[in-house]
Amino acid sequence: MIIERQEQVTDAVLAAMSDTGNPRLAVIMNSLVRHLHDFVREVQLTEPEFEQAIGAVVALGQLTTATHNEVVLAADVIGLSTLVCLMNNGPAGNTETAAALLGPFWRMNSPVTRNGDSIVRSPTPGENLAVRCAVRDVNGAPVAGAVVDVWQASPVGMYENQDPDQADMNLRGQFTTDAEGRFWFSSVKPAGYPVPTHGIVGTLLAAQKRAPLRPAHIHFLIYKPGFKTLVSQIFVDDEQQLQSDVVFGVTRSLVGKLDRGADGLSLAHDFVLAPGEAILPTPPIS
Ligand SMILES: [Fe+2]
């Protein structure tokens with residue numbers, strides 16, 4: 001159509017897309033265009049601002065490498081990743097799901113480790129942490145033989161592949177649940193850490209006066225055929241840190257219950273696996 005007023009642009013685009021063969025693509029693009037056009041009208045976007053926005057999208061791509069994904073980070077810090085996660089997991093997509101973001105640091109082929117063993121593989125000063133977990137199905141029955149990947153940052157807030165002082169695969173392990181659905185191991189209490197701020201996301205966070213910090217957590221990935229693969233994080237930090245996770249990953253059900261005893265800290269947590277397809281995600285790094 002020949003456009004006579006700016007109000008007609010949206011309809012022109014929607015009409016141009018109306019023969020889209022894939023119905024889901026049609027729904028998504030139709031809504032995206034309407035919302036983007038409405039957004040531009042609402043904020044009365046100027047031409048310099050539009051140029052800046054294009055530059056930002058270009059920078060997100062250019063900053064993304066084999067070991068760093070600036071696009072995912074951008075989605076994380078505006079809450080988009082967590083919103084999609086919560087909408088697609090758990091009953092009615094509420095915060096009672098045990099699912100959480102995979103994050104950028106999962107590696108395949110973590111060392112197979114026996115229950116009760118430690119995932120500390122090189123000297124790692126810190127507070128001892130005993131972790132005891134159980135995996136159940138939605139009816140409360142134990143899930144035996146589930147494979148559980150565990151990975152965490154060190155007490156100085158670094159994953160092993162970021163830190164030359166740690167052995168390869170330090171603070172990572174792969175466990176198998178026993179007949180009662182349990183797995184357990186010893187470790188050290190992780191620390192929180194900043195997300196990368198060298199790029200455009202860092203610039204944005206600084207402009208918004210936001211700390212780029214994630215509270216301390218342990219990652220879990222639980223896999224067994226017949227169940228939807230559960231990607232989760234359990235937080236082991238104090239309440240104050242939990243209030244300001246820069247990627248909005250802290251939900252009530254992921255706050256770990258820590259006990260401080262004579263031998264150090266202990267963490268107990270039960271995971272529930274929903275029925276579904278067991279698919280492993282693509283590792284963000286090698
Ligand atoms: Fe993490």
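Modeller: Happy to! Two residues are in contact if their C-beta atoms, placed from the backbone, lie within 7 Å. Helices are DSSP runs of H or I with at least four residues, numbered from the N terminus. Residues are numbered from 1 along each chain as its sequence is written. This is a predicted model, where local features need pLDDT of at least 70, side-chain atom pairs count only at pLDDT 80 or more, and totals for chains, interfaces and linings use all residues.

Let's look at helix α1, residues 9–16, which holds Val13. Val9, Thr10, Val13 and Leu14 of α1 meet Asn30, Val33, Arg34 and His37 of α2. Helix α2 covers residues 23–43, and its axis comes within 10 Å of the α1 axis, crossing at roughly 170°. Axes here are lines fitted to C-alpha atoms, for helices over the stretch in contact, and angles run from 0 to 180 degrees between N-to-C directions. Angles over 145 degrees count as roughly antiparallel, so α1 and α2 are roughly antiparallel to each other. The crossing of α1 past α2 is right-handed, meaning that the near helix is turned clockwise from the far one by less than a right angle.

Back to Val13: it has 16 C-beta neighbours inside 10 Å, so Val13 counts as partly exposed. That term sits between buried (20 or more other C-beta atoms within 10 Å of a residue's own) and exposed (12 or fewer). Finally, Val13 and Arg107 are 94 residues apart in sequence and 42 Å apart in space, C-alpha to C-alpha.

Technical notes. Helices (H or I, at least four residues) and strands (E, at least two) are DSSP runs, numbered from the N terminus. Angles under 35 degrees count as roughly parallel, over 145 as roughly antiparallel, 65 to 115 as roughly perpendicular and the rest as oblique.
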